[in-house]
Amino acid sequence: MPGTLEDRYRAVRRQTEALCEPLEIEDFVVSSMPDVSPTKWHLAHTSWFFETFVLAEHLPGYASQDPRFAFLFNSYYVQVGERHCRAQRGLATRPTVAEVFAYRARIDDAMGELLHGLAGDDRHPAVRLIELGLHHEQQHQELLLMDIKHVFWTNPLKPSYTPHPGPEPRDPPPLRWRDFGEGLRWIGHGGRGFSYDNEGPAHRVFLEPFALATRLVTNAEYLAFVRDGGYRRPELWLSAGWSTVQEARWDAPMYWTRSGPDPSAADWTEFTLAGTRPLGAAEPVSHVSYYEADAYARWAGRRLPTEAEWEVAAREAGQGDAYERLPDGSFVEGTHFRPAPAAVAEDGAGLTQMAGELWQWTASPYVAYPGYQPPSGAIGEYNGKWMSDQWVLRGASFATPRTHARATYRNFFAASARWPFTGIRLATGPDAPG
């Protein structure tokens with residue numbers, strides 16, 4: 001993020017509110033499933049984070065104007081105090097949306113006072129917490145879009161968030177493979193710039209030879225899996241995945257609807273942030289769970305990459321943290337609000353869509369790196385306590401702020417999660433067909 005810390009703070013806070021501009025007041029208060037939080041809650045929770053971890057500790061004389069907000073807008077920080085049940089956030093009609101925006105304004109005023117007092121002192125203990133709070137809010141900007149999409153999808157009227165039709169259609173390049181040799185590699189954050197605690201320490205891993213697909217799996221390719229009975233073939237699925245398919249009656253990715261008898265893409269629609277649209281055959285398949293990504297990879301005779309393979313490939317192929325060179329339509333700043341079809345790489349076999357379109361499932365469970373120690377106190381609950389029954393995703397999506405992405409970022413979700421902006425990149429050995 002360029003500029004002073006105060007500039008960055010103001011920019012992130014403005015961006016959150018800009019993402020709310022297409023919404024009507026009724027849209028702010030709905031929770032459509034236990035994993036979805038109301039937009040109003042995201043606005044308040046990100047402010048509560050600054051109030052609790054920054055202002056209360058580092059602005060002399062600061063006191064909350066409404067201590068009840070700590071109960072309503074704490075997410076999962078057990079050491080901070082009791083919390084409102086996540087599944088019931090949509091039942092809290094008060095405080096009103098107007099009161100939440102007023103709360104944000106009070107927090108911004110207090111943060112402005114603190115930031116002015118810091119006067120560029122980068123060594124002040126509040127600075128690291130403020131940077132964490134900014135990235136936390138950027139994380140919630142993406143969650144806000146994930147959640148409002150699910151809210152609109154559950155509405156019988158299927159409203160749209162944006163009138164933007166999405167990226168221009170184009171035929172994707174052929175699926176090719178980029179080979180990487182065996183050997184010791186370094187992965188993890190090296191200490192320069194911001195990172196979450198779970199991205200370190202940097203450490204060495206040994207990799208066997210592998211190859212990564214040059215682009216993401218498309219809707220048309222995934223549709224072939226659907227038409228081949230992929231959701232009816234237990235041999236393709238992990239046991240827990242097959243149980244989930246049966247119990248939830250999955251037969252296609254989330255937000256897909258079959259609209260006619262023809263099994264081709266022409267008879268499928270997909271709900272997007274621009275409303276219901278014909279299925280874009282060339283667009284990368286999205287809103288698939290880890291179970292679905294793994295089953296598709298088995299069906300295709302491939303596998304998912306490990307997170308170490310993904311990170312090494314991104315760095316060695318020159319797509320490390322150079323996200324400023326990615327297409328303007330990528331990331332949330334592109335305002336396409338939909339993943340774009342792959343473009344042809346300059347060398348014909350380069351990696352594309354590594355970040356800025358969809359998060360990519362890996363075959364790696366979310367566990368601690370060697371030597372990892374969570375921060376002390378309640379802030380240590382941010383990442384460390386979730387290192388169980390989750391799977392790592394790499395990259396970034398079209399809803400991720402560009403300045404929030406980096407090659408070492410370890411996103412994570414449960415294997416059954418489908419409402420995040422997730423996609424599939426295949427991996428295999430170096431003898432893959434070109």
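How do α2 and α5 lie relative to each other, roughly parallel or roughly antiparallel? I take that up in the first point below, after a word on the ground rules.

This is a predicted model, in which local features need pLDDT of at least 70, side-chain atom pairs count only at pLDDT 80 or more, and totals for chains, interfaces and linings use all residues. Residues are numbered from 1 along each chain as its sequence is written, and side-chain values use heavy atoms, with hydrogens and water left out.

1. **The α2 and α5 pair.** Helices and strands here are DSSP runs, numbered from the N terminus (helices are H or I with at least four residues, strands are E with at least two). The axes of α2 (residues 39–58) and α5 (residues 125–154) come within 9 Å and cross at roughly 175°. The two helices are therefore roughly antiparallel to each other. Axes are lines fitted to C-alpha atoms, for helices over the stretch in contact, and angles run from 0 to 180 degrees between N-to-C directions. Angles under 35 degrees count as roughly parallel, over 145 as roughly antiparallel, 65 to 115 as roughly perpendicular and the rest as oblique. The contact of α2 with α5 is made up of 14 nonpolar, 8 polar and 2 charged residues. In this grouping Ala, Val, Leu, Ile, Met, Phe, Trp, Tyr, Cys and Pro are nonpolar, Asp, Glu, Lys and Arg are charged, and the others, Gly among them, are polar.

2. **W48.** This residue of α2 is buried, with a relative accessible area of 0%. Buried means under 20% relative accessible area, exposed over 50%, and partly exposed in between (1.4 Å probe, protein chains only). Beyond its neighbours within four places in sequence, W48 is in contact with F53, F69, A70, F73, N74, Y77, V80 and Y103, where contact means heavy atoms within 4.5 Å. R302 is 254 residues away from W48 along the chain, and their C-alpha atoms are separated by 45 Å.

3. **L23.** Please also look at the loop between α1 (5–19) and α2, where L23 sits. L23 counts as buried at 9% relative accessibility. Its contacts, leaving aside neighbours within four places in sequence, are F28, T39, I148, F152 and Y161.

4. **Sheet β5-β6-β7.** This open sheet of 3 strands has antiparallel pairing; two strands pair if DSSP finds at least two bridges between them. β5 (256–258) and β7 (275–278) stand at the edges with a single partner strand each, so one side of each is left without a neighbour in the sheet. From one strand to the next, the twist averages 30°. β6 (residues 268–272) and β7 pair over 4 bridges, and T272 has G275 in β7 as its bridge partner. Helix α6 (residues 219–227) lies across β5 and β6, running at about 55° to β5.

5. **Sheet β1-β4-β12.** Here too there is an open sheet of 3 strands with antiparallel pairing. β1 (177–180) and β12 (427–428) are at the edges, each with a single partner strand, so one side of each has no neighbour in the sheet. β4 (residues 210–213) pairs with β12 over 2 bridges, and L212 stands opposite A427 in β12.

6. **The β2 and β3 pair.** β2 (residues 183–187) and β3 run antiparallel, joined by 5 bridges. L184 stands opposite F206 in β3. β3 (residues 203–207) has a covered face of H203, V205 and L207, while R204 and F206 form the uncovered one.

7. **Helix α8.** In α8 (residues 290–299), 8 of the 10 residues are buried, including E292 and D294. The cover over the buried residues includes α6, α7 (239–248), β8 and β9 (391–395). S289 caps the N-terminal end, with a side-chain oxygen 3.3 Å from the backbone nitrogen of Y291. After α8 comes G301, whose phi is positive, near 75°.

8. **S330.** This residue is in the loop between α9 (307–316) and β8 (359–365), and S330 is buried, with a relative accessible area of 2%. The side chains of S330 and E357 are joined by a polar contact of 3.1 Å. A polar contact is a pair of N or O atoms within 3.5 Å; within protein, one must be able to donate a hydrogen and the other to accept it, and residues adjacent in sequence count only if both atoms are side-chain atoms. Not counting residues up to four places away in sequence, S330 touches G356, E357 and R402.
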